[in-house]
Structure formats: C-alpha cells, structure tokens
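Hi everyone, thanks for coming. Let me put the model on the screen, and then we'll talk about its pocket and its aromatic rings.

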Amino acid sequence: MEKLDEIRICIGGITFSVRAPGYDLRHDHNRLRYQPFLVFAEPEVFVQRHFEPFALPQQQLKIYNPFPDWTISKLDASYLFHIGDEMALFPEDFTQADIYSDKDVVGSGFSSFGYPFDQFMTIALLSQRQGTLIHACGVSDCGHGLLFAGVSGAGKSTIADFWKDKKDATILSDDRVIIRKIDGRFWMHGTPWHGDAELCSPEKAPLERIFFLNHARENKVEGIKWVDAASKLLVCSFPTLWDKKGMESTLGFIDELVREVPCCRLNFLPDKRIVDFVRDI
C-alpha cells in the first residue's frame, strides 16, 4: 500500500494541503480529529511537515512571547514560530508553512499539522480575509446560526449538550467557531477544535444572533449596547496580537459584526428548557 503523504482539510472555507514527504499520514494522530473536514478541493494554503532539525537564525526580531516556551519572531519577510523543540516558518500572507521538528517519529504516532500551528495559521489567515475565531458554541438550529459566546466555564459545552439531540440542529463546535463575512453576509463555520462536549461539524450557517452566556437562577435575555458587545466578543476572540495590521482588521471586523448581528446577554439556568426558551426569542 502506498503511503498517504498528503491530506486536504477545509476549515472555515479555507482549504489546506498538508504534506509530510516520506511519512504515512494515515498514522497521524490528528487524522481522526480532522476526518470530517477532509476534502478533495483545490488547496489555497500549503503546509509541509519536516521531521528534521531547523537551524535557528541568529538575526531575528522577537515580537511576541505569550508563554516561556512560545516565541514569535520576525525574520525578513517571514514569521518564525518557535515552541518547545518545534518551529514553523510562515510568509506574511500565511499561504504556506514549513514546520520542523528534530524528533525521529518513524514508526510512531505523530502530528503533521496540530496545535498550536493549525489554529495559529488559521487565525492569521482569517485576520486577512474578513473573519475571526471565537471562543463559543455554534448551533445551526433549523438552518439558523446561533452563537453562544463565553470564556472558559461560561456554559458552552452545557449548551451544546442540550442541543445535540434536537431535531434539525447541528453543533458546529462546542468551543471554537469561525465567523466570516462572505458576499455581504456573516457566516459561522464549525471547526475541529471542540471542547469538553467533543462536538464539531464542518458545516456552516448564516449567523443570525449572538448570545453572551451567563449562569443564572432563571432564563432571561437582556439587551446589550453594541460597544459592550464588541468588548465581550473581543475577549472571546483569538486576535493576532503579534501583528498590528491583523489586529486592526480584527477590531474592525468585530465592530461591524456586532452592529449588524443582534446581540444580547443570555442569563440561563443549566437545564434542557433553555433550548425552547431560546427558540421562542
């Protein structure tokens, strides 16, 4: 049997070609996670995995250091992302990536395109293509896109659990949802990056309402000013903090989003009645 050295993954309407020459991607331990997102479409972004050392250049400008072992540097017209014993090189438009590791993984499970490189690259691409990644549960309810945004512990996985068995409802993700504006309309897309409920889908739905989750003793909806909605959504977003231009684009996108899509605070009691409550709004 020939080795499978390329897979194509579509996330948020962006198709990635992932290659690992000399390795069989059937043994990639992320393959199961990406299985629903595999496609045969022509790729627009190209990722190549190298299981060999990469000589770290001496001349580099460190621009972002969110964790002790994570560093993003500027190298000529490229970005260099160094994490642990791995590093990745990206051009400024993020249409390709070369990911290096000095580990010998022959005969064992490996990751060709896993965390954090997959999300980092997607976030960067979205900042250039009228989109953003949001910490949220996304539900397509009879074709109506409902976004339940919140930080960790807000109840996203709880909401997903209540919706998952409902007729004509699809959980796009219980933790990370992509929002994009395409042809003048906001759409939300599922991602492979699920949360505790382990629910995700490659489908998309037109975004019709945004709820900011808040645990309460009763189900209640409260209005919210657009400036507060923008602030809350930014807190739940994954902006390009290392890139001023991308950050400005994300801020503008969120501002436009909350002005055009109805937003409210959803105080909810964590039981299944919340589904009918939301459907009656």
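Let me start with residue classes: Ala, Val, Leu, Ile, Met, Phe, Trp, Tyr, Cys and Pro count as nonpolar, Asp, Glu, Lys and Arg as charged, and the others, Gly among them, as polar. With that, the lining of the largest pocket splits into 14 nonpolar, 2 polar and 1 charged. A pocket here is an open set of points on a 1 Å grid over the protein atoms alone, where a 1.4 Å probe fits, with protein on both sides within 12 Å along at least five of seven lines; lining residues have an atom within 4 Å of a point. Nearest the centre of this one lie Tyr64, Trp70, Ile123, Phe238 and Trp242, out of 17 lining residues.

A word on the source: this is a predicted model, where local features need pLDDT of at least 70 and side-chain atom pairs pLDDT 80 or more, while totals for chains, interfaces and linings use all residues. Residues are numbered from 1 along each chain as its sequence is written, and side-chain values use heavy atoms, with hydrogens and water left out.

Now, the rings. Rings of Phe, Tyr and Trp (its six-membered ring) pair if their centres lie within 6.5 Å; planes under 30 degrees apart are stacked, over 60 edge-to-face, the rest tilted. How many aromatic pairs does the whole structure hold? The search finds 17. One of them, phenylalanine 54 with tyrosine 100, is tilted, at 4.6 Å centre to centre and 35° between the planes.

Finally, Tyr64, Trp70 and Trp242 are also among the members of one aromatic cluster, including Phe67 and Tyr79.
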